[in-house]
Amino acid sequence: MSSVAELVRERFGELTQIQKLAMPKVLAGQHVLILAPTGSGKTESALLPILERIKAIQAEEGAAVGGNPPEGIYALYITPLRALSRDLKERFSWWCDRLQISHDIRSGDTTMHERAKHRKNPPRILLTTVESLQALMLGRIMRRHLTSVRFVIVDEIHDILDNKRGAQLSMGLERLEEIAKFQRIGLTATVADESEAAKLLFGEREHAVCESGKNRHMDISIEQGTGDGKLSRIKELCGKNRSLLFVNTRSMAEELGASLKKAGAPIGVHHGSLSKDVRLSTEDEFKSGKLNSILCTSSLELGIDVGDVSLVMQYGSPHQVFRLIQRVGRSGHSLEKTPKGIVFPSDFDDMLESEVITALARNGWMEGKSAERGALDVIAHQLVGVCLDFGRMDLAKAHAILSRSYAYNIAYDKLRMVALQLYAEGIIFYDEDAKGAVSVRAKSRAREYFSSYLSTIPKTKRFLMKDIAANRVISSLDEEFVVNLEPGASFLSHGAAWRVVDITESEVLAEPTAGTDIMVPSWTGEDIPVSFEVAQGVGRMRAVKKDVSPLPDDKTVVIEISQDLIIIHTCLGTKINGALSRVYSKKLSNLIGESVIAVADPYRILVKLPFPIKEEPIVRAFRDIHDVRGLLEEALVNSSLLKFKFLHVGRMFGLLSVDANIGSRFINAMRHSVVYEEAMRSIFFRYFDTAGAEKALAAVRSGKLKLIVDLRKKPSFFASIGLERVSGAESVGAFAPRERVVAAFRENVLSKTLRLRCLNCDASRFMHLAGAPDAIKCHKCGAASLALLNREGEGTHDLEFSAGLIRAYGKKALIALSTYGVGPSTADRVLKRLHRSEEAFFLDLIEAQKNFIKNKKYWKLS
């Protein structure tokens with residue numbers, strides 16, 4: 001059997017720089033964080049010394065028992081993706097098979113037969129995921145196998161550093177530490193602050209950091225182009241290069257992929273919403289050479305091996321320096337080759353952003369990532385895990401175990417509140433003695449609860465988007481997109497603009513609207529945030545690239561007012577502008593007593609007023625924003641965003657089922673609970689930078705940030721960029737909103753065929769509404785006494801009242817009575833009004849239908 005050293009010489013010839021730095025420290029048993037770019041050999045820098053040590057352990061333990069060493073898992077290799085585990089298993093096989101060290105994968109895809117094999121004969125090295133580690137610790141037999149773990153390697157730490165998966169892993173490792181003593185090794189791409197990644201993995205333990213290739217040279221260029229020219233250029237590059245084409249959203253992946261395929265480009269599409277089989281097929285075709293290029297989202301950003309890539313293209317700005325480095329680094333997949341990338345910006349701001357990000361990447365700067373700390377729903381889940389691990393336990397002991405994790409970060413009293421919430425949900429027993437000492441243990445429901453929420457990634461549902469004017473389903477929308485909608489907000493779907501009338505537990509009810517309204521873009525909820533530093537860089541670039549006055553740049557805020565449209569130009573980044581937009585729209589809403597819609601991007605806040613107002617209150621409302629966090633919490637009350645987060649947190653606490661639907665009243669009743677506290681904490685961590693917003697507002701008030709008011713009849717150059725990003729004007733068409741609504745409603749209602757019955761002679765007939773006469777009479781007896789029936793031949797309303805309306809108003813009564821949600825009394829009110837035109841009549845019916853839809857959810861069955 002070959003030695004590790006012999007295999008290294010056979011496989012590599014010589015070690016890479018990171019392997020030379022890291023291997024001695026891993027062999028010495030130190031906790032080590034290894035930072036290096038893709039293709040540097042960092043996986044082997046951790047794996048090979050561990051293989052050497054496993055061989056020694058097997059020999060030592062075998063000698064101690066005079067035969068084969070006892071069963072047990074020696075090493076856990078944890079990855080953020082199942083696909084990455086599958087990919088790594090192939091790499092591991094080359095080494096492990098020659099060294100006769102068993103290895104296998106354990107993930108959600110592992111079959112029951114394979115799981116049984118692991119229980120009976122566990123592999124020495126187990127590749128698994130963050131979530132599967134939680135499941136492994138539950139099993140009685142697998143838990144026994146885990147007691148022999150000596151090494152834990154965590155790959156791609158940067159992917160879980162700033163989210164709840166990282167918190168879950170960090171606390172899970174402390175639970176594992178209670179039954180096994182192991183060395184920790186972390187692998188990651190270059191990050192801005194390695195200490196944050198180290199704290200997440202090691203806590204306060206001593207550790208070494210090995211880093212190589214931080215400022216690796218990359219050949220990155222930016223190409224401008226529009227429309228068909230840009231498409232043709234991308235098609236050409238796809239044909240000439242083995243390439244990856246990155247986009248920032250799944251919706252863009254589908255749209256651009258369809259256009260490129262139609263143009264004949266040799267490209268496949270790969271993103272997280274596609275099935276596993278489709279993704280694997282695309283990867284295999286690319287590896288085998290059947291496919292020359294892949295269009296992808298961040299689904300191929302991590303180290304999944306898809307073979308040699310000669311070029312990376314980025315459609316639109318990557319928004320973050322880290323993502324540009326990570327994505328372009330997928331090409332030139334060895335240290336001898338230079339990674340090559342081309343960015344294709346979409347508009348002027350996008351071009352400046354791409355230039356700033358490229359320059360920062362060359363200078364070695366990237367965005368910092370903060371670990372998610374104090375996530376109460378994750379802590380609740382881990383507390384139940386501790387109860388399942390050890391049975392009855394003092395809460396103080398559980399606190400001590402979890403406190404070793406950097407992600408924990410809460411006081412004992414807060415853990416008591418978490419435990420009481422779990423007790424209230426019937427998940428754990430909670431016992432407090434006379435001295436105040438608390439003990440907890442699992443109830444029968446605990447195991448099912450823990451297994452149901454192994455993943456911290458929210459389980460989301462889809463909503464049907466229905467056109468209420470035409471009473472038909474248009475599309476389906478992701479829950480994370482719907483969370484950004486409120487009644488009155490406008491959005492884009494299937495190339496058209498819509499306004500939200502209401503949001504139910506399963507539907508978004510909408511009506512057609514104008515292309516000039518501010519839209520919630522289709523990518524909201526999945527787009528990548530732009531940092532303050534990048535946005536400020538774009539502001540500085542504007543002064544060089546564009547000669548306009550007034551110029552909104554890094555030192556100037558411009559409040560542009562154009563009738564009922566306000567654009568606040570602020571180069572402050574996604575999270576600061578996101579916070580300011582919600583607070584500002586809330587202040588304006590309170591000021592004028594009507595709903596105000598606002599949408600933000602990294603460079604501006606766009607506000608649509610229901611009517612024009614004077615300049616002075618517009619400016620004062622912005623200048624006088626104080627206590628951003630307090631105002632933002634107030635603005636979030638009754639918002640879809642809070643409801644969305646509360647649902648996810650409530651599920652993780654066992655408070656709500658997956659299919660539960662809740663209203664604002666329920667959420668407000670829980671305002672003093674840990675569930676509500678965690679929902680708010682999670683929102684602020686992910687979406688907003690309140691400290692940055694406070695600092696920016698203070699700079700405005702002090703004059704450090706200059707504030708200029710710009711009154712205009714038409715939007716400025718930079719305002720137009722923002723409006724084009726969110727309005728979808730090119731795809732909407734020329735209809736005015738009222739005309740579009742009425743046209744859709746009229747088409748729908750007149751297409752109906754109605755069933756009528758004569759109350760005089762009992763004759764029945766079908767009548768197509770579009771061809772109905774103005775006066776409605778019985779075809780058999782000639783009496784004006786026809787009543788409306790449903791398809792089953794039953795009266796839809798009081799027959800006499802229905803017949804009376806049809807007798808008095810003819811065809812107009814049929815139209816009113818056949819409108820969804822319009823009963824006879826409502827129809828009577830509408831028909832009695834004097835309408836100057838058919839359009840006014842239809843608009844009255846539409847309004848009546850909208851009121852029915854809004855109020856229906858409040859009805860109670862008697």
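I looked up the bridge partner of Ile567 in strand E26 and found Leu606. Strands here are DSSP E runs of at least two residues and helices are H or I runs of at least four, both numbered from the N terminus. I count two strands as paired if DSSP finds at least two bridges between them.

The model is a predicted one, in which local features need pLDDT of at least 70 and side-chain atom pairs count only at pLDDT 80 or more, while totals for chains, interfaces and linings use all residues. Residues are numbered from 1 along each chain as its sequence is written, and side-chain values use heavy atoms, with hydrogens and water left out.

**Sheet**

I then traced the sheet around this pair. E24 and E26 run antiparallel and are joined by five bridges. The sheet is open and has five strands in the order E25-E26-E24-E23-E27, with mixed pairing. Strand E25 (597-601) and strand E27 (706-711) are the edges, each pairing on one side only. From one strand to the next, the twist averages 15 degrees.

E25 pairs with strand E26 (residues 604-608) in the antiparallel sense over five bridges. There I noted Ile597 opposite Lys608 in E26. E23 and E24 also run antiparallel, joined by five bridges, and Val558 stands opposite His569 in E24. The hairpin of E23 and E24 has two residues between the strands, and Gln563 takes a positive phi near 60 degrees in it.

I checked how far E24 is covered. Five of its five residues are buried (buried is under 20% relative accessible area, exposed over 50%, partly exposed in between; 1.4 Å probe, protein chains only). In a regular strand, side chains alternate between the two faces of the sheet. In E24, Leu565, Ile567 and His569 point one way, and Ile566 and Ile568 point the other way.

Next I looked at what lies across the sheet. Helix H22 (residues 615-623) lies across strand E23 (556-562), strand E24 (565-569) and E27, and runs at about 145 degrees to E23. Axes are lines fitted to C-alpha atoms, for helices over the stretch in contact, and angles run from 0 to 180 degrees between N-to-C directions.

**Gln183**

Last, I looked up Gln183, which lies in strand E6 (residues 183-188). Gln183 counts as buried because its relative accessibility is 5%. Its side chain reaches the backbone oxygen of Val26 at 3.1 Å.

Methods. Contact means heavy atoms within 4.5 Å. A polar contact is a pair of N or O atoms within 3.5 Å; within protein, one must be able to donate a hydrogen and the other to accept it, and residues adjacent in sequence count only if both atoms are side-chain atoms.
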